[in-house]
Amino acid sequence: MDAASLLDRFPRVALVNGATPIQRLRRLENALHPQLGATRLFIKRDDLMALGGGGSKLRKLEFLLGEALVQGADTLIATGLRQSNSTRLAAAAAAHLGLRADLGLRARSPLDSGEYESGGNALLAELFGAVVHSLSEDADVKSFAAERVAALAREGRTAYVIPAGASSPLGSLGYVAAALEIAQQERALGFEFDRVIVANGSSGTHAGLLAGFALLGRRERVHGYSVLHEAAGAQAATLALARGALDLLGRDNPLTAADVTVSDACRGPGYGHATQEAIDAIHLLGAREGLLLDPVYGGKAFAGLLKEARTGALKSWPNVLFLFTGGTPALQAYRDELLSAAASQA
Ligand SMILES: Cc1ncc(COP(=O)(O)O)c(C=O)c1O
């Protein structure tokens with residue numbers, strides 16, 4: 001059975017409207033000469049999806065919501081921080097499917113700002129009609145979810161709990177599918193990407209890509225920049241999820257820790273803290289290409305790509321693909337940081 005047929009065995013809800021485009025970043029390439037050498041830089045636009053403002057979580061939700069509907073769920077429960085893209089897109093998907101969404105949004109904020117509290121993703125979740133429960137910084141989200149499931153059951157409702165960041169082996173299948181999509185796009189382009197760079201948070205995106213490329217017999221091309229865990233923790237989480245995804249697909253598991261490349265060099269002081277180099281990356285990609293990275297995920301991963309480009313480390317890879325996972329709504333929450341930090345030019 002081929003890799004695509006393995007995925008077809010899972011219930012799936014269509015939330016992503018077709019293959020997302022891959023574009024070349026020619027003006028950025030020019031800005032990075034001569035250190036970039038002849039390397040060509042491409043970006044895959046997983047921010048460009050029709051539903052809910054788009055972003056990587058929709059790919060994972062296709063499989064998670066497939067399971068939810070088979071289980072007869074009429075309500076989704078999702079938890080995260082107030083600027084969570086995952087909960088925003090769970091709310092949008094719920095609205096699209098006529099389900100109720102209960103979100104538990106924790107108060108912990110890397111930023112002490114009203115915009116972080118109620119702008120950006122938090123605002124969009126409200127607009128998608130979600131029932132928002134404000135949780136304290138130290139709330140136990142698993143207990144919250146279990147209590148909501150029980151309370152909703154008493155009202156005759158059936159709830160489905162979305163894992164944190166939509167990252168579980170099942171959710172990661174969304175990025176197994178994305179790896180197959182990239183391989184198809186490579187066939188149309190007439191070349192293969194040597195290196196795929198992606199932000200690693202709850203690790204499901206990186207893990208799915210890794211498992212998907214492993215199915216195709218190509219294991220050493222994904223490079224994650226961790227925005228949450230330190231490198232060893234991110235590597236372990238990514239490996240566990242990738243192996244879990246391959247297990248679900250019933251495929252032999254060739255993956256070991258050596259196959260998981262994760263760096264925490266661009267994480268900065270911690271999750272959600274915008275770094276100067278991420279802010280510079282956002283300004284650079286905005287001014288050179290008209291694209292909007294976010295400070296939590298894409299900005300940090302792209303800062304990693306830029307560092308590699310500027311030290312000449314990317315020279316040995318002829319074709320580099322950055323997976324742009326979305327997250328643009330959070331830009332508004334980081335308005336002051338983005339404007340006050342003087343952006344250095346390429
Ligand atoms: C915009 C964006 N990019 C990247 C990621 C990281 O993906 P993962 O959690 O699968 O590692 C997330 C996760 O929340 C995200 O929202």
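Mentor: Aspartate 46 is buried, at a relative accessible area of 0%. Keep in mind that this is a predicted model.

Trainee: Why is aspartate 46 called buried?

Mentor: Buried means under 20% relative accessible area. Aspartate 46 has 0%, so the word applies.

Trainee: Where does aspartate 46 lie, and which residues does aspartate 46 touch?

Mentor: Aspartate 46 lies in the loop between strand E2 (40-45) and helix H3 (57-70). Leaving out residues up to four places away in sequence, aspartate 46 touches Thr20, Gly54, Gly55, Ser56, Arg59, Tyr175, Leu323, Phe324 and Thr325.

Trainee: Now the domains. How do you know where domain 1 and domain 2 run?

Mentor: The domain assignment gives the bounds. Domain 1 is 3-54 + 167-340, and domain 2 is 57-166. Their centres, taken over C-alpha atoms, are 24 Å apart. Domain 1 puts 39 residues into the contact, and domain 2 puts in 38 residues.

Trainee: How much area is buried between domain 1 and domain 2, and which atoms give 63% of that area?

Mentor: About 3,100 Å² is buried between the two domains. Carbon and sulfur atoms give the 63%.

Trainee: What makes arginine 12 and glutamate 62 a salt bridge?

Mentor: The cut-off is a side-chain nitrogen of Lys or Arg within 4 Å of a carboxyl oxygen of Asp or Glu. The side chains of arginine 12 and glutamate 62 meet at 3.0 Å, N to O. With that cut-off, the pair is therefore a salt bridge.

Trainee: How many salt bridges and polar contacts does the rule find across the interface of domain 1 and domain 2?

Mentor: Three salt bridges cross the interface. The rule also finds 14 residue pairs in polar contact there, with both residues at pLDDT 80 or more.

Trainee: Which elements give two or more residues to the side of domain 1 that touches domain 2?

Mentor: Helix H8 (169-189) and helix H9 (204-215) do. H8 supplies the largest share, seven residues. By type, that side of domain 1 divides into 19 nonpolar, 15 polar and five charged residues.

Trainee: Next, helix H6. Which residues of H6 are buried, and what covers them?

Mentor: In helix H6 (residues 120-127), Gly120, Asn121, Ala122 and Ala125 are buried. Their cover includes helix H4 (85-97), strand E4 (100-106) and helix H5 (114-118).

Key: Residues numbered from 1 in each chain as written. Predicted model: local features only at pLDDT ≥ 70, side-chain atom pairs only at ≥ 80, totals over all residues. Heavy atoms only, no water. Domains from an automatic or database assignment. Contact = heavy atoms within 4.5 Å. Buried area = accessible area lost by both parts, 1.4 Å probe. Polar contact = N/O pair within 3.5 Å; in protein donor to acceptor, adjacent residues only side chain to side chain. Helix = DSSP H or I, 4+ residues; strand = E, 2+ residues; numbered from the N terminus. Nonpolar A, V, L, I, M, F, W, Y, C, P; charged D, E, K, R; others polar. Buried < 20%, exposed > 50% of the residue type's maximum accessible area, 1.4 Å probe, protein only.
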